[in-house]
Amino acid sequence: MSNKMIERVAESIWSAMIFGDPKEPLVKQDEQIKNHYKNVAKATIEAMREPTEVMVKAGYDEADGSHLWREVWKVMIDEALKDD
């Protein structure tokens, strides 16, 4: 199974940038540009590894007081960061 989260986030960042031409997707750019946006995407995903207090409360409430959700969250983020 291929990990597409990094590419998905990189494409989203590319599309949101003021100089990113929506008619020219990131996948059509040269390798240096693609690698730059993949690195930005990885940093963005890594920043999400530790949830905010609001996320903690929402996860705790949704899991009926179980703290297991926090470990599941981290495993999911770690999987998204694998470069397959």
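## The loop between H3 and H4

Aspartate 64 sits in the loop between H3 and H4. This is a predicted model, and in it aspartate 64 has a positive phi of about 55°. The residue is not a glycine. Most residues other than glycine have a negative phi. Is aspartate 64 buried or exposed? Aspartate 64 is exposed, with a relative accessible area of 73%.

## Overall layout

The protein chain has four helices and zero strands. From the N terminus, the order of elements is α-α-α-α. The chain has 84 residues, and 25% of them count as buried. Its accessible surface is about 6300 Å². Carbon and sulfur atoms account for 59% of that surface.

## The nonpolar core

The largest nonpolar core holds 12 residues in all. Among them are Ile6, Val9, Ala10, Ile13 and Trp14. Leu26 is also a member, as are Tyr37, Ala41 and Ile45. Ile77, Ala80 and Leu81 complete the set. H1, H2 and H4 each supply at least two residues. Which helix gives the most to this core? H1 does, with five residues. In soluble globular proteins, nonpolar side chains tend to be buried together.

Valine 9, one of the core residues, touches Ala41 and Ile45, leaving aside residues up to four places away in sequence.

## The aromatic pair

The model has one aromatic pair. Tryptophan 14 and tyrosine 37 form it, in an edge-to-face arrangement. Their rings are 5.3 Å apart, centre to centre, with 90° between the planes. Tryptophan 14 lies in helix H1 (residues 5-16) and tyrosine 37 in helix H2 (residues 31-47), so the pair ties together parts that are 23 residues apart in sequence. Tryptophan 14 and tyrosine 37 are buried, and the two also belong to the largest nonpolar core.

## Helix H2

H2 has 17 residues. At 1.5 Å a residue they should span 24 Å, and the end C-alpha atoms of H2 are 24 Å apart, which agrees. An α-helix has 3.6 residues a turn, so residues three or four places apart point the same way.

## Helix H4

H4 covers residues 68-81, 14 residues in total. The helix reaches 20 Å from its first C-alpha to its last, close to the 20 Å expected at 1.5 Å a residue. Its buried residues are Trp69, Lys74, Ile77, Ala80 and Leu81. They cover an arc of only 140° around the axis, which puts them on the same side of H4. These buried residues pack against H1, H2 and helix H3 (53-62).

What does the opposite face of H4 carry? Turned away from the buried side are the exposed residues Leu68, Val75 and Met76.

Arginine 70 lies in helix H4. At 24% relative accessibility, arginine 70 counts as partly exposed; the cut-off for buried is under 20%. Which residues does arginine 70 touch? Its contacts are Glu50, Pro51 and Val56, not counting residues up to four places away in sequence. Arginine 70 and methionine 55 are 9.7 Å apart in space, C-alpha to C-alpha, and 15 residues apart in sequence.

Lysine 82 lies in the segment after H4. Its relative accessibility is 42%, and the residue counts as partly exposed. Lysine 82 and isoleucine 6 are 76 residues apart in sequence. In space their C-alpha atoms are 8.6 Å apart. Isoleucine 6 is one of the residues of the largest nonpolar core.

Key. Residues numbered from 1 in each chain as written. Predicted model: local features only at pLDDT ≥ 70, side-chain atom pairs only at ≥ 80, totals over all residues. Heavy atoms only, no water. Phe/Tyr/Trp six-rings, centres within 6.5 Å; stacked < 30°, edge-to-face > 60°. Buried < 20%, exposed > 50% of the residue type's maximum accessible area, 1.4 Å probe, protein only. Expected span 1.5 Å × (residues − 1). Arc of directions from axis to C-beta. Contact = heavy atoms within 4.5 Å. Areas by Shrake-Rupley, 256 points an atom, 1.4 Å probe, with all protein chains shown as cover. Core = buried A, V, L, I, M, F, W, Y, C linked by side-chain atoms within 4.5 Å.
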